[in-house]
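Please read this briefing with the sequence and the 3D structure side by side.

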Amino acid sequence: MTAHNPGKIPATVVTGFLGSGKTSTIRHLLEHANGRRIALIINEFGDLGVDGEILKGCGIESCGEDDVVELANGCLCCTVADDFLPTISALLDRALPPDHIVIETSGLALPKPLVKAFGWPEVRTRVTVDGVVALVDGPAVAAGLFAEDPEAVQAQREADGSLDHDSPLAELFEEQIGCADLVVVNKTDLLAPEDLAAVEAAIRQEARPGVRLLHAAHGRLDPDVLLGLSAAAEDDLDSRRSHHEGADDHDHDDFESFAVELPEIAAPAELARRVAALVEAQAVLRVKGFAAVAGRDMRLVLQAAGPRVQHYFDRDWRPDEVRRTRLVVIGLKGLDRAAVEAALMGEAVVAG
Ligand SMILES: Nc1nc2c(ncn2[C@@H]2O[C@H](COP(=O)(O)OP(=O)(O)OP(=O)(O)O)[C@@H](O)[C@H]2O)c(=O)[nH]1
């Protein structure tokens, strides 16, 4: 599987916008690991560690708690030296190192600075980037979420002929796709066949030549397709476009995230209704977290990616845990926190 780099442990970087299906894809991968020892490094925007909790909570045999390492200290692409290198070194130093390392980046991360870190002396002789896999939220692309404002683009072209992004979402899309070895259009169950061609065309514009494009629903992809790309991405960084070669000046400033704590809720459907109303009224891109439901011993997982809200009970609350309702909300800069909190408390939602 690592033909180009015998002896090195392969690492797959999973990128893709907020809610595109990274965690679902990794979950499916772990469920079909077929004896591979896979270690996960998870980084998300916001301090709650929801993805790691979801993966640990799903009881997959091949994935022990020790195999999931969470980096919640800011965004991976900005904290490579402080967080990422020590973490991956510790994984490599284990008595029984993993067969494969999978890194889930935050939906707002640029993959290139992370891939670059694999060239650092501490790790470059021991691990190789097997591939960068970009997940794409098919319906979100079809709905134009990552499109530039055509008028602004035109104005820029007329002013100086160059194209600077006016939309931070468009820029993220371009960066994530432009760094990928494999692009997966996910959520095809929600995508009309006639929209798929347009989504693929948008991806082809940004992808490097020859990059494979696959489709999936709920991230269900054969592990043999996802792993073993043998791309050695750290060796051909120059072919992977990036607007931001320095990590300091990139997009996170365009986004905002905070956690909202609520009292125990009466019923899941009521909370889902409030979240749906919130997403409709405010510039909210993602909501996720856990809730305590009156009279229930189980923890409720609640997620919204764009307009779709999902909830399910995943496991019992543990005796050493505080039963509580806490949701991470991620949106564009300037998100009205008071209005978000009021909406989640069930007060009338004012459009923002
Ligand atoms: N209908 C449908 N829902 C999906 C699909 N893939 C994922 N979802 C749902 O979309 C939401 C987000 O999926 P995740 O896998 O958590 O996405 P993510 O990219 O890990 O999200 P972040 O880590 O927050 O960026 C969840 O509610 C999933 O159940 C799909 O193919 N079809």
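Among contacts in the protein between residues at least 6 apart in sequence, 80% join residues that are at least 24 apart, where two residues are in contact if their C-beta atoms, placed from the backbone, lie within 7 Å. This is a predicted model, in which local features need pLDDT of at least 70 and side-chain atom pairs count only at pLDDT 80 or more, while totals for chains, interfaces and linings use all residues. Residues are numbered from 1 along each chain as its sequence is written.

**Overall make-up**

- Of the 352 residues of the protein, 43% count as buried; a residue is buried if 20 or more other C-beta atoms lie within 10 Å of its own, exposed if 12 or fewer do, and partly exposed in between, with C-beta atoms placed from the backbone.

- The protein is divided into domain 1 (9-249) and domain 2 (253-344), with bounds that come from an automatic or database domain assignment.
- Where the two domains meet, 14 residues of domain 1 are in contact with 16 residues of domain 2.
- On the side of domain 1 that touches domain 2, helix α2 (residues 50-57) provides the largest share, three residues.
- That side of domain 1 is made up of nine nonpolar, three polar and two charged residues; here Ala, Val, Leu, Ile, Met, Phe, Trp, Tyr, Cys and Pro count as nonpolar, Asp, Glu, Lys and Arg as charged, and the others, Gly among them, as polar.

**Surroundings of the ligand**

- The ligand is surrounded by 24 residues, of which the closest are G21, K22, T23, S24 and G107; a residue is counted as near if its C-beta atom, placed from the backbone, lies within 6 Å of the molecule.
- At least two residues of this shell are supplied by each of α1 (22-31), β9 (284-292) and β10 (298-305), and the largest share, three residues, comes from α1.
- The shell around the ligand consists of five nonpolar, 12 polar and seven charged residues.
- Because domain 1 (9-249) and domain 2 (253-344) both give residues to the shell around the ligand, it lies between them.

**The largest nonpolar core**

- In the largest nonpolar core, which has 88 residues, L40, I101, V132, V133, A180, V183 and V184 touch the most other members; such a core is a set of buried Ala, Val, Leu, Ile, Met, Phe, Trp, Tyr and Cys residues joined through C-beta atoms within 7 Å.
- Strand β5 (residues 127-137) contributes the largest share of this core, seven residues.
- Both domain 1 (9-249) and domain 2 (253-344) give residues to this core, so it lies between them.
- Not counting residues up to four places away in sequence, V133 touches T12, V14, A180, L182, V184 and L226.

- In helix α3 (residues 80-92), F84, I88 and L91 are buried, and they lie on the same side of α3 because they cover an arc of only 55° around the axis, an arc being that of the directions from the helix axis to the C-beta atoms.
- The other side of α3 holds the exposed residues A81, D82, P86 and A90, whereas the buried residues of α3 pack against β2 (38-43), β3 (68-71), β4 (100-104), α4 (111-117), α5 (121-124) and β5.
- In helix α9 (residues 193-206), the buried residues are V199, A202, I203 and E206, and these fall within an arc of 95° seen down the axis, so they line one face of the helix.
- P193, E194, A197, A201 and Q205 are exposed on the other side of α9, while the cover over the buried residues of α9 includes β5, α6 (138-142), α8 (168-178), β6 (182-186) and β7.

**Two residues in detail**

- L214 has its place in strand β7 (residues 212-215) and is partly exposed, with 15 other C-beta atoms within 10 Å.
- The C-alpha atoms of L214 and V184 are separated by 4.7 Å, although these residues are 30 residues apart along the chain.
- K333 lies in the loop between β12 (325-332) and α12 (337-344), and K333 counts as exposed, with 11 C-beta neighbours inside 10 Å.
- Not counting residues up to four places away in sequence, K333 touches D253, D254, F255 and E256.

Terms used. Helix = DSSP H or I, 4+ residues; strand = E, 2+ residues; numbered from the N terminus.
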